[in-house]
Every structure is written in C-alpha cells, then in structure tokens.
Amino acid sequence: MTSKTSTSSNPVRLSSDCWRIADTCNVYVLQRGERAIAVDFGSGRWLARLPAMGIRHLDHVFLTHHHTDQCRGLLARKSWPFVIHAPAGEREFLSAEGVKPLNAAPPGGCPPSYDRLRYGGLGGVCYDMAGFSDQFWGSERIRFLHTPGHGRHACTVVADSQDGRQLAFCGDAVHAHATIWQPYHLEWDHWTGEGALAAWEGVQRLSGIKVDLLCPSHGPAIATNPASTLRLTARRLMALYLVKGQISAGERDRYIKPEVLTAGVRRILPHLFQFGSNGYLLLSDAGTAFVIDPFLDDMPALDELMRRLPGVRILATAATHYHWDHLDAAPLLRKRHGARFWLHPSLAEALSCRHWRPWLKPIPIIPDCLWPDQGTWKWEDYAFRIAHWPGQTWWHCVFMTEVDGRRVMFGGDSFQPPSRWNGTGGFCAANGSRFGARGFAGSARLAIRWRPDILACGHATYCRFSSSRFRKIERWAARAEAALKALCPDGDLRRHYYAATEFSDWPQARSR
Ligand SMILES: [Zn+2]
Ligand SMILES: [Zn+2]
C-alpha cells in the first residue's frame with residue numbers, strides 16, 4: 001500500500017518501453033527514445049528519475065481521474081513543461097473555478113467525490129480525454145475508454161508497446177485479483193447501485209478489447225490473463241449492483257390504511273398519528289404527547305395536528321437515527337413545548353462526531369437524556385423496549401411499545417416496504433452500514449424476535465410486519481456483505497470500505 005508521504009519507488013520495467021513507478025499511485029511511463037508520456041502523476045517525485053531512464057522530454061501527462069493520489073503533485077507549480085490531460089468532465093474537481101464552489105457547499109448525502117482537491121486547483125489542464133476518442137503523440141495513437149467508478153468521468157488510456165502488446169492503463173477501474181481499490185468510491189450516493197453499474201459497464205467495455213497488459217493505478221500490473229481478471233471484476237461489480245437493489249424480492253408492501261385528517265396528518269391508531277414526511281406523534285391518556293423523528297420541514301404539519309388536539313402538551317421527543325431529517329426539530333420542540341429530547345447512545349455518539357457524515361447537522365444538537373443501549377424505558381403509560389438497530393446507518397436505534405393493543409415498532413430508515421427504495425434506506429460506507437450480527441442481519445433477527453404488529457418506518461411508511469420477509473432480508477444481508485468483501489483487495493472491509501467514514505478534513509467538519 002502506498003501512502004501520501006511515500007517517495008517514488010524505483011521504476012520497474014514492464015516492457016522494453018513501458019515503466020511502472022509506485023508513487024502515491026502507480027505512474028506509468030511510455031518511452032520512445034528520449035521522449036515519453038506518463039499516465040497519472042502522483043506526487044511528481046518520480047520526475048527526478050527520468051534522466052536515469054534515458055528520458056529527456058516528457059511530452060504529456062494523462063490523468064485517469066481526479067483523485068488526489070493521481071495528481072496532488074501537480075499543485076506544486078503553476079505551469080509545467082508538458083501538457084496535462086484529464087477526462088472530459090473532471091474540470092469541476094480539478095480546476096480552481098470548480099474546486100471552490102464545490103467545497104463551499106456542504107453536501108447532505110454522499111459527496112460528489114470522496115477524494116478531491118480541497119483548495120487551489122490545477123491550471124492549464126486540457127479536459128480532452130473523451131471516451132472512444134484518441135490523440136496522437138507523434139505517430140502513436142493514444143486511445144481513451146470511459147471506465148467510470150472512481151468518479152463519473154474516469155478513463156482508461158490504451159496504447160501500444162513497441163513489442164506489439166496492447167496496454168491498458170485503467171486507473172482504479174480494476175485492481176489485482178479482480179477487486180476494486182477503495183470500493184466505497186463506487187457509492188455515488190447513499191443507497192443506489194448507480195456507481196457500481198457504471199463501473200460494471202466500463203469494465204465490460206474494457207473486456208471487449210484484447211488487453212495484453214492491464215496497468216491499474218494501485219498494486220501490480222496484470223500480465224497473466226487480464227481478460228479473466230476483467231470478466232471476474234465485471235461479475236463482482238454486477239453482484240454489488242444487484243445487492244444495492246431489492247432486499248426482499250417478491251414481497252408485498254403490506255401498507256396500513258390510515259385515517260387521513262389533512263394532506264399532511266394521518267391517524268394510524270386512536271393514539272398514534274403520522275405527520276409530514278417523517279414524524280409520528282404518540283398520545284397518552286393523560287393528554288400528553290411524545291414526538292418521534294422531529295424534522296423542521298414537518299413542523300407546519302405538526303402545528304396542524306396540534307390544532308386538532310387542543311390542550312395536548314408535547315413532553316418528550318426522540319429520534320430513530322442521527323440523520324438531520326429525523327431530529328433537527330428537537331431543539332425547537334424543547335424551546336416551544338419544553339419537550340425533553342431522549343436519545344439512544346449510538347445517536348449521541350454520531351451527533352458529537354467531528355467528522356463529516358451524511359446528513360449530520362453541521363450544528364450541535366444535544367440530548368437532554370440518554371436511553372440505555374439496550375433495555376426498557378417508560379413514558380407515561382407506555383412501556384418501551386429499546387435497542388441499537390444498525391442498518392442504513394450504524395448510528396440507528398429501534399423502540400417498540402404497545403399502542404391501542406398493537407405492538408408498534410419505530411424503525412426509522414433501515415427497513416422500508418419493498419416498493420420504497422427497494423425495501424431499505426440503503427447502505428453505504430459513509431453511513432457506517434454493516435451487515436452481520438451487528439448490522440442488517442442482526443437487526444432483521446431482532447425484529448423477528450420482537451414480532452411487532454406494525455412497523456412505523458421513516459418517511460411516512462407504516463406497514464404490517466412479516467417475519468418471512470425479514471428472514472429474506474437476513475439472507476440478503478449475507479449476500480450484500482459477501483459482494484462487498486469480494487471487491488475489497490484483501491477482503492478487509494474495515495480497511496478498504498469503511499475508510500470512507502474517516503474524513504476529518506472535510507471543510508465543513510464541525511469544530512466544537
Ligand atoms: Zn481513485
Ligand atoms: Zn436516514
């Protein structure tokens with residue numbers, strides 16, 4: 001594994017005219033006499049090695065994609081004695097005009113790139129590497145194939161060596177042993193398989209041509225049967241795409257029909273209401289209320305509901321998970337109604353985090369009281385069971401109580417009816433989503449044990465529970481984890497996948 005501080009290693013000759021230099025990424029140098037071109041740039045320290053390789057003129061540098069390990073060294077100078085090329089579309093990540101606005105706007109969900117320049121920008125870059133096009137270097141034809149994945153615009157550079165072999169400098173589209181370097185880069189958003197599907201298509205495209213030497217941005221070059229590496233990588237990418245889809249194929253939604261009071265307010269049970277896009281209100285016989293998942297956008301709907309419940313006071317509020325659309329109105333309910341804000345310890349941990357996370361409110365939200373990690377809680381006449389319930393995000397809980405004779409489980413976004421987002425709020429590395437006993441599978445098993453009558457999920461989806469569906473989800477969780485592990489260079493999710501959650505240098509990371 002290379003690191004950002006490592007120096008360039010000795011050039012390794014891959015053929016009579018092609019070299020690999022391990023830098024912050026692999027830099028490939030294609031030589032014609034005293035002239036050369038390079039694919040990717042890394043730290044640039046390798047430039048000092050060119051004279052010893054007999055190279056006096058570097059004519060072009062082709063960047064496969066915008067990640068900083070590919071190009072950081074180019075920031076060192078305003079102009080260079082070679083032409084820098086980047087894939088069409090990468091301007092917003094590489095140019096000063098692109099970097100500034102991109103970094104100014106805090107992302108809600110997953111960022112447009114997990115590894116991009118945070119300041120400055122590269123000048124004089126030609127964004128002229130378009131898929132299926134080529135450029136001439138003397139009489140050499142340098143070709144470009146669109147192989148997205150590590151970003152939407154990433155390209156593979158195809159060239160010939162003088163011994164007649166076809167070389168493919170594939171960036172991070174493929175890594176040795178049919179894996180993907182840092183596969184979290186395929187998560188272009190927090191739930192869909194869009195990035196995995198695009199990566200699959202790119203690798204399919206690449207496997208459609210004869211490749212003699214596959215040259216990835218990290219790890220060794222692949223000379224032995226590159227075609228089978230490409231085929232297996234494509235299969236694994238498709239497997240990831242499929243597990244990003246439906247989690248309980250063939251199941252009904254089992255929606256419960258509410259009594260519609262107004263457009264934004266519905267009564268599910270005599271004592272249970274749903275309002276706005278995310279909120280629930282539980283009414284006690286004492287004329288007090290407990291609000292679940294309070295979201296600022298839902299406050300007009302809550303006001304509407306409160307007008308229908310004259311004399312009722314909101315005494316407590318709580319959230320299923322840390323995403324701001326499930327709790328950012330808690331301080332307002334405290335201020336307006338004196339409601340106490342209860343929180344599961346895992347959510348409190350997320351809210352106190354200094355790192356950027358998807359939908360983590362960039363201002364502190366502090367609970368009044370903490371629930372037990374696992375246990376019981378009483379509010380008015382309602383007895384709740386409470387547990388950590390990791391799924392869509394690691395920082396997620398579940399709580400269940402009996403309302404009007406029905407066991408109601410407040411479950412947030414880990415599970416949804418099948419027609420809503422493929423049955424789940426999705427998974428991604430940045431959300432810390434996990435799959436095993438302390439993840440989707442364990443949470444599915446807990447639901448089967450607790451046997452709720454009603455699942456009151458986030459985003460106004462409430463439905464009847466079915467244990468057969470959750471057994472399917474358990475099996476899906478195993479497939480999802482296996483699909484991800486298969487793509488990680490050494491099967492280590494912690495090192496290659498969850499590394500995405502450790503972004504402390506995001507500009508809007510909060511300071512406390
Ligand atoms: Zn990359
Ligand atoms: Zn959520």
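**Entry 1: helices 4 and 5**

I began with helix 4 and helix 5, which are roughly antiparallel to each other, a label given to angles over 145 degrees. In this predicted model, helix 4 (residues 194–207) and helix 5 (residues 226–243) pack at an angle of about 160°, with their axes 8 Å apart; the axes are lines fitted to C-alpha atoms over the stretch in contact, and angles run from 0 to 180 degrees between N-to-C directions. Helices here are DSSP runs of H or I with at least four residues, strands are runs of E with at least two, and both are numbered from the N terminus. I noted that the crossing of helix 4 and helix 5 is left-handed, in the sense that the near helix is turned anticlockwise from the far one by less than a right angle. The contact (heavy atoms within 4.5 Å) includes W200 and V203 of helix 4 and L237 and Y241 of helix 5.

**Entry 2: zinc ion (ligand 1)**

I looked up the donors, which are N, O and S atoms within 2.8 Å of the metal, or 3.2 Å for Na, K and Ca; water is not among the atoms, so sites may look incomplete. H65 (NE2), H67 (ND1), H150 (ND1) and D172 (OD) coordinate the zinc ion (ligand 1) at 2.2 to 2.3 Å. Both H65 and H67 are buried, that is, under 20% relative accessible area, whereas exposed is over 50% and partly exposed lies in between (1.4 Å probe, protein chains only).

**Entry 3: zinc ion (ligand 2)**

For the zinc ion (ligand 2) I found H321 (NE2), H323 (ND1), Q392 (OE1) and D413 (OD) as the coordinating residues, at 2.2 to 2.6 Å. Q392 lies in the loop between strand 22 (382–388) and strand 23 (397–403), and D413, 21 residues apart from it, lies in the loop between strand 24 (406–412) and helix 9 (440–450). I recorded both Q392 and D413 as buried.

**Entry 4: two positive phi values**

In the loop between strand 11 (166–171) and helix 4 I found H177, whose phi is near 60°, positive although the residue is not glycine. A178 is in the loop between strand 11 and helix 4 and has a positive phi of about 55°. I noted that H177 is exposed at 66% relative accessibility, whereas A178 is buried at 1%.

**Conventions**

Residues are numbered from 1 along each chain, chains are lettered from A and ligands numbered from 1 in the order written. Local features need pLDDT of at least 70 and side-chain atom pairs pLDDT 80 or more, while totals for chains, interfaces and linings use all residues, and side-chain values use heavy atoms, leaving out hydrogens and water.

Key: Angles under 35 degrees count as roughly parallel, over 145 as roughly antiparallel, 65 to 115 as roughly perpendicular and the rest as oblique.
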